[in-house]
Amino acid sequence: MNRRTLLIGAGSAIAGAGAGIGLAAHDIGSMEAYAAEAARQRAPLGTSPDLADLLRYATLAANSHNTQPWRFRTAPRSIHILPDLTRRTPAVDPDDHHLFVSLGCAAENLKIAAHASGRPGELVVESDGNAIRYAFRSGTPGAAALAAAISRRQSTRAVYDGRSIAPATLSRLAAASDIPGVSLILLTERARIDQVRDLVLAGNSAQIADPAFMRELRQWLRFNPRSALAARDGLFSAASGNPILPTWLGRPALDCFFTAKAENDKYARQIASSAGLAIFVGDRADKDHWIRVGRACQRFALTATSLGLKHAFLNQPVEVAGVRSELAKLLGAPDSRPDLVMRFGYGRALPYSLRRPVKAIVE
Ligand SMILES: Cc1cc2nc3c(=O)[nH]c(=O)nc-3n(C[C@H](O)[C@H](O)[C@H](O)COP(=O)(O)O)c2cc1C
């Protein structure tokens, strides 16, 4: 099974089963209501956004399992971003690496949106790494291109169209992701990509075989618009290109229809359709660097979006410790801790994922 795109491999079988048993609309809710809420959450910032608008844009950041593991505290000239440890995912992320990367993604969105709206400032990570402060002043509105990409960015877990990417575009992606303390490795050569693909598949097989990983993942799956709208967090099947099912059917269907082989085959197809891989490696393995990695990867994702590219994460090789050391060796840096793996390329969009309301995340 593809941990975040669970049912693609079994999609047609499940759709057939659904037709056979007659899915009731009230069980699954409506995609129209879902799309309207997604559009509302992604409404443009406008000319003079308030702090709530900036926080809305901060939370549109990438974040692991869409747990949205953050809280915000506002003051007249600063905003604190804090971890919400009630939203940890200890099976996939035992040391909170992904949680702090996710905070870095949100912090970068906040900085870009605030800058574009005439509140330039700096992000400072507090010494224990447990808070990020954005202190801002009034100023001229800054560049709008990345800010405009915030509401259009998504993790697109689909097969792409196989087109390659011009060297100048790759250079722009690399330049935009330049955050001190983080290295970006871009792979576009097929033989190198295939080596990393094999580690993705090895990590995926290990995770599928791990009952704790699967138990945790199930808690974050939303099989239909009704449950996605009720929770406004987690992984909505249609946002991963998967069939919509009533909740009562989703979990047993998951248990019945996926196999490691089918999911690995799907990953192999997705990677083969991608133009390249981006691997982020922090200089050190601490919260400060995990936040930096999040900032770099969010900048990469926004720049890719602004250039018409799609991206999706493939983090199995950094989540399974044994595979992570293999990846570090493959990259020629056996003592490093590779932080994130993403693929990128050209392709079509999928439905957007939802976020919780701003009032739920402000202290
Ligand atoms: C640290 C981190 C790790 C992630 N790992 C994965 C992953 O391994 N596979 C995947 O499909 N998505 C992964 N994601 C993407 C999230 O699931 C995604 O950002 C979230 O569901 C919100 O969706 P969006 O990015 O489309 O807004 C990761 C995101 C972050 C920030």
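User: Which residues come nearest to the ligand?
Analyst: Arg153, Ser155, Arg157, Asn315 and Arg355, out of the 21 residues around the ligand. Near here means that a heavy atom of the residue lies within 4 Å of the molecule. This is a predicted model, where local features need pLDDT of at least 70, side-chain atom pairs count only at pLDDT 80 or more, and totals for chains, interfaces and linings use all residues. Residues are numbered from 1 along each chain as its sequence is written, and side-chain values use heavy atoms, with hydrogens and water left out.

User: What is 2.6 Å from an N or O atom in the side chain of Ser155?
Analyst: An oxygen atom of the ligand. That is a polar contact, a pair of N or O atoms within 3.5 Å. Arg355 also has a polar side-chain atom 2.7 Å from a ligand oxygen.

User: And which atom of Phe313 lies 3.4 Å from a nitrogen atom of the ligand?
Analyst: A backbone N or O atom of Phe313. The protein covers 98% of the 620 Å² of accessible area that the ligand has on its own (Shrake-Rupley method, 1.4 Å probe).

User: Which helix gives the most to the shell around the ligand?
Analyst: Helix α5, residues 97–116, with three residues. Helices are DSSP runs of H or I with at least four residues, strands are E runs of at least two, and both are numbered from the N terminus.

User: What is the shell like by class?
Analyst: Five nonpolar, ten polar and six charged residues. Asp, Glu, Lys and Arg count as charged, Ala, Val, Leu, Ile, Met, Phe, Trp, Tyr, Cys and Pro as nonpolar, and the others, Gly among them, as polar.

User: Pockets next. Which residues line the largest pocket?
Analyst: Lys111, Ile112, His115, Gly142, Ala143, Ala145, Leu146 and Arg299. By class they divide into four nonpolar, two polar and two charged.

User: Where does the largest share of that lining come from?
Analyst: From α5, with three residues. Both α5 and α6 (145–150) supply at least two residues each.

User: Backbone now. Where is Asn66 found?
Analyst: In the loop between α4 (51–58) and β1 (70–75). Asn66 is not a glycine, yet its phi is positive, about 50°. Most residues other than glycine have a negative phi.

User: Is Asn66 buried or exposed?
Analyst: Asn66 counts as buried because its relative accessibility is 4%. Buried means under 20% relative accessible area, exposed over 50%, and partly exposed in between, with a 1.4 Å probe and protein chains only.

User: What about phi of Arg232?
Analyst: Near 55°, a positive value in a residue other than glycine. Arg232 sits in the loop between α10 (225–231) and β7 (235–236).

Key. A polar contact is a pair of N or O atoms within 3.5 Å; within protein, one must be able to donate a hydrogen and the other to accept it, and residues adjacent in sequence count only if both atoms are side-chain atoms. On a 1 Å grid over the protein atoms alone, a cavity is a set of points where a 1.4 Å probe fits but cannot get out, and a pocket is an open set with protein on both sides within 12 Å along at least five of seven lines; lining residues have an atom within 4 Å of a point.
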